[in-house]
Every structure is written in C-alpha cells, then in structure tokens.
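Hi there,

Here is the structure I promised to pass on to you. Have a look at it first, and my notes follow below.

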Amino acid sequence: MATRSVATDPNLDITACDREPIHIPGAVQPHGLLLVADATTLEVIAGAGPIEERLAPDWLGRPLAALLGDEVAQMVSDMPIGPGTTVAAVPVEGISERFSVTAHRVAGERILIELEAGSTDAPWGKGSPLNWIDAAVTSFERTADLPMLFERTATTFQMLTGFDRVMLYRFLDEDAGRVVAEARSADLQSFLHHHFPASDIPKQARALYVRNRTRSIPDVDYVPAPIRPEGFETLDLSDVGLRSVSPIHVRYLKNMGVAASASISIVKDGVLWGMIACHHYTPRRLSPDLRAAAAGLASALARQIRAKEEAELYRERLRLRAAEDSLLPRIIGMGDLVPAMRRLMPEMMAMMSATGFAVVDQGKVHTHGTCPHDLAIPEIASWAVIRGAGDLFFTHELPAQMPGAASLAATAAGVLALPLVDGGVTLLWFRAEHVEEVEWAGNPHKSVALTPDATLNPRTSFESWRETVRGRSRRWTMEEVEAGHRLRRALHDAAQNHRLRGLNTALQRTLDDKEALLLQKDVLMKEVDHRVQNSLQLVSSFLSLQAKAADDPRVREQLAEAQARLSAVALVHRRLYRDDQIQTVDLARYLEDLVGDMKQSLGRDWAAMMRLDLAPVLMPTDRAINLGLVTTELIINATKYAYGGAVGPVTITLEQYGNRLRLIVADQGRGKGDEEPGQGRGFGSRMMAAMMQRLSGSIEYDGNQPGLRAIVVAPIAD
C-alpha cells in the first residue's frame, strides 16, 4: 500500500507509538521456541513457535523434565523469585538439533523458557569466548579518548556480530540520537554523525532497552508465532529475547532496506546512554552466545565511557584551577583591579575558552578579541545584571533571550556576565555564534506518514537532510560557571584587601565604626535566625504534642506530615543564613541535611531504615530547594503508604548524567496500588506537580519488586 509523506502537524497524534504495548505482543519470532511453565508444578501450560516440528509433538501439559531433561528442570526450579535471567549450562536435544536454553520468571507465578539453536560463527572459533572478550575490553582500556573509544567499539562489535553495518548511537539531552561511530561494508551509505529524531525510538522502547539489554530480529519478513493456547495473549514478554517486535518498527527497518537487525543497550549508571545498532541487508541471526558476549562487552564499554567522561571533567577542573592560580596573584599584585584586568585580558578570555572579553567600568568599555560594538556592550551588561539579580548570569542563546540581540549573534551568541560584588564593574565573556549544520538521517520534521486509512507509519526517507541551527554558541559548562563564582569571590576579597591597605590613619576611626556596625549587623542577623529557629521549633513541638493527643489516626498523620514540612522550611532558612554564596549549592549535601532533620522528626525506627546514596550535583540553589520539597513529599508518602503504618526500608538515591539529574525514593512495601502515592489531589500532590512544572522535570512511578520507586528526572540548570 502506497504512503504519502506529511509534515508533522501539531494536531496529529504522533505519540501513539509511545503508547503501543510492545511488551505484550502475544507472539514470538519463529526462529526460536517459547515454553510457558507453571512455577509450582513445572508443567508446560503454553508455548509458541514450531514446537511440534522441532522439540516434541506432544508438549502441552508435560513436565519440563520430560521435555528438557532433569538438569535443566532443576535449574529452572531453583530460579529466584524476581526479575533475572538464567542460562542453562547444558544444551537441550531437540528432534534434529540442539537448543540453548534461557529461562525467566514472571512475577513468581510463571516461568518462560526460550529455546534457540546454537551458532558456529563466533569470532573466537573453538577457543574460549572469555579470552576474546577480555582482549576486546583491554583494547577499550587502551584508547586515549572518547572518539577513539567509539571507533574501536564499532569495529569490535562488527567483528563480533558479522553485520554489514554497526553504529554506535548516542542519545543527546533532547532525546534525539547521533551516530558517533560506524563500521560498515564499503558499498553502503554512511550514517556517521547523522542525527535521528527522538520519535524514532518510542519512550516505552527505551525503558525496555534498559531492562532487556540485547535484541535481535534475524529476518524482518518473519511471520509472528502466536502464544497458544488462547488466554495467554497478555503475557508480559519484556525479558524474552524472542519477543515479537512492533509492526511499526518492522516497517521502519524495511523502509531503511534492512533485512536483519540487532541492538545492544549501553546503560551507564542505570540510564540508557546509547545503543550499538547492527544492520544486515540479508537475513542474519545473532545466537544467544553472541548476544551474551555482546551484553558483557557493552557493560565494559559503559564503564570505560564513564571513566573517560570523568577524566575529561577532571582535566577541565584542573585547567580552570590552574588558570585561576596563575591570574589571581597577578591581578592582586597590580593593585587596582580594573587596570590589572585590562592588562591581562588575553588570559582572562582564554580562561573561559571565550572568543571575546570585555570590562565595563562605570559605563566605560574595554575589550579584547571578538566582541560586539562598544555601544551594545553596556546594554548587554545592564540586561545581564538584571536577569542575574546582581549575580553571575550565563546563556548560550542570547538572541533568543535578550530583546533586539539578534544582530549580535555573530559576536555574542553566548555571554557569561560577572558583576563584581562592589558594583560598577562587570566582566563579560563572549562566545561567537556556532553555526551548526546538523545532518539528519531524513527530514526530522517529516517523521511520520499516513496511509489512506489513517494508519500511522514510520518515515520512509533516510536520505541525508541538513538543518542549519543559528543563534547559539557552545554551552557554558557547570565547571566554568563555578569557576566564575570563585573568581568573583576572589576578586571581591582582593578589592577589599586593597582598600584596607590603602586606608590612612585619618580613616581609621571610620573603619572602626564600620567594623562595629558590621559586627552589630551580624549579631542582629544571628539573633533573628535564633528567634526564627526557636519559633519553628516551638510550632514543631506543639504539632508533636497535638499528634500524640489526637484520637483520630488521620489527624495524627496530618499533624506529623505538617511537622515534616515545617522541618524542611527550617532547614531552608538555616541554609540561606549559613552560606555566603547561595546561588549554587551541592544538592547531595543539601538533601543529606534535609533527610537528617526528617529522621529526627520521624523517630529512631524510621531513621534506622533510611539509606542515602547521593552523588555530588552542583546546581542553582532555587532549584535545589524545589527538589528538597519534592524529596520531603516523596519520603512522607513512603512512610505513610508503603508499609501500612509499619516501618520499612526507604532508599534515597541521587545521580547525574549529562545536564540532568535523577532522584529516586524507593521502598520495599506494598508497591503499586489503584492510585500511586503522589498522584492524588491533596496539597502534597499539587505542590509536587507545581514544583516539577517549575523544574521542567517529571516524576514517574515504577515497581521496585517489591515496593515502589518514585523517579524524579529534571535538568540541573534552567
């Protein structure tokens, strides 16, 4: 049936792919066999594929031991309850072939057994696969940087799989993907550096890619083999490698001219970092042994990616620290800051990897490098000071944020503005427009097609399509932003010290008066903080007494919840008073303090059951406070709902990947109910929804088997 390409319409629901239940296809690919056994009796109650022709004519209702042998049956019987995969050490004899066996337990009630024919085309031949994998991992370790690692990865996986094309596909912050390395046959078109829109891989498919790390389609023209007998159509096949894939994905591969495919997930810190995508232009099967080797190799690759990314960040921090250590003594040693910085403009510009640098001193402009014209620079400085509320401000897309700045993109698409604490002087780093020509594998704005009966189909064109992105510069990193904060504090200290050294005897009395006023102000601030903390403690104690005296359990719960929220407010107040630099904080330290206060309010029993696994995440304080309030609500929900009034384990985890963070509050309680915690209409639910909207983030709830995991994902910066 012919299709016609259409541009993506805002009124066209292209999220249908995101709602497709791909984990319950009700069928498998026919190159293997699936047996469904009762976990208690170990009798086969259903199956799929040509079982009669390849394994046994009378298989339904028979014990596993009779079909697969006592050793395999015992292995299946000993499988632990919960997610996981067990591979049999011995093969199973079929009617005319030998099968590899892989078993999965579904919710403790059923066991799924996959049978696939072995393979003789492994790259290690008759040798040990462990030796081959160890050599491949060693070659990964010896690469000098990420680009070299990516190239080595594509070559190694093509050697392992034997596919015509192997691509290392990396997900970007906007969920689109980019091919960062490729190994292919010489006669194939290259997809290297091509971008693929986020819609090419639906959301629920990405979730399965984390759970099931390898997937294979030996022949896109296969006819799905349904599970039989009837009644097993809704069986969850998330962990099954033979699972029949989405018809939309099959059409997508056919549109690319691909006859067979395989994909191996690259999961770093529990997050889908990217994939190894393998394409073959004739049918080709990836055996269980090769898939297991590929999964192990992908895990080693993820560790190497993490190590090299961390090494790059460490080198960047060292570079910035070295630049600060070189610049600050010279600036301070020259006396007045503005003349000193004018003499060191080239070094100041190089420190932030900028293309231009300017000092605005009481309306006077001094520039170095490629900068906007002198009349525009004071306007940019004033606008940035207002946007940053007098503190550091940065953006990599100034034309999109500042009115009338479109004409400045060539010299100032990005700006980092640093107003000095003493006022009147603003330092500006500029980055010129980085005109980026993004090469897409097909037009991303025409990513769907409609058949005459209005069926949604994947796109049909994968010809190179270039899109020019203008008005943006290279992003400022969080390390550069923090270096700017340190520089601001150091220059403030230097200016203060210089003024102190320049004071003469006649101003000594004035200085003493000023010191006295500052001391008085400090005493007053401490007194105000002391009284606020006392007041909050008094209210908290009153709520605690009321909770103990209340007869109604619901009233006690509401008072305890109010007490926990009050503790969060008290912590926010202490934090704002304690830090001299409140624009950027370590979220891990902040959450540790917050949970510490909650442990005191919840009591010893709960305190003993709370576990923290927090990675340092540097982020703006206002966003950290919002995340602190969300964390408080999630912990309160766990203590209220997870264990039915009893006490149980609660784990709080914080991770960073790219420019995002992931916060997980997990329990081992009752799990998902009719209405998940945080999804109601109470004050806490409305507050969390408002907080996440302000953070441009999301909250998802997932089974913890047992228990519930509340997963918060949000950008680190605005």
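To start with something you can check yourself: is leucine 253 buried or exposed? Leucine 253 counts as buried, because its relative accessibility is 2%, and the cut-off for buried is under 20%. Please keep in mind that this is a predicted model.

Leucine 253 belongs to helix α7, which covers residues 247-255. Not counting residues up to four places away in sequence, leucine 253 touches Ile217, Val220, Val258, Ser261 and His279. One of these, valine 220, is 33 residues away along the chain, yet the C-alpha atoms of the pair are separated by 7.5 Å.

Next, the nonpolar cores. The largest one has 39 residues, and Leu587, Leu634, Leu654 and Leu661 have the most contacts inside it. Several elements supply at least two residues each, among them α17 (587-602), β28 (650-657) and β29 (660-667). Helix α19 gives the largest share, with 8 residues. If neighbours within four places in sequence are left aside, leucine 587 is in contact with Val617, Met619, Ala624, Leu627, Leu654 and Leu661. There is also a second, separate core of 36 residues, which includes Ala136, Val137, Leu168 and Ala302.

Finally, a residue in a strand: threonine 102 lies in β7 (residues 98-106). Threonine 102 counts as buried because its relative accessibility is 14%. Beyond its neighbours within four places in sequence, threonine 102 is in contact with Thr85, Thr86 and Val87, and also with Leu112, Ile113 and Glu114.

Notes
Residues numbered from 1 in each chain as written. Predicted model: local features only at pLDDT ≥ 70, side-chain atom pairs only at ≥ 80, totals over all residues. Heavy atoms only, no water. Helix = DSSP H or I, 4+ residues; strand = E, 2+ residues; numbered from the N terminus. Buried < 20%, exposed > 50% of the residue type's maximum accessible area, 1.4 Å probe, protein only. Contact = heavy atoms within 4.5 Å. Core = buried A, V, L, I, M, F, W, Y, C linked by side-chain atoms within 4.5 Å.
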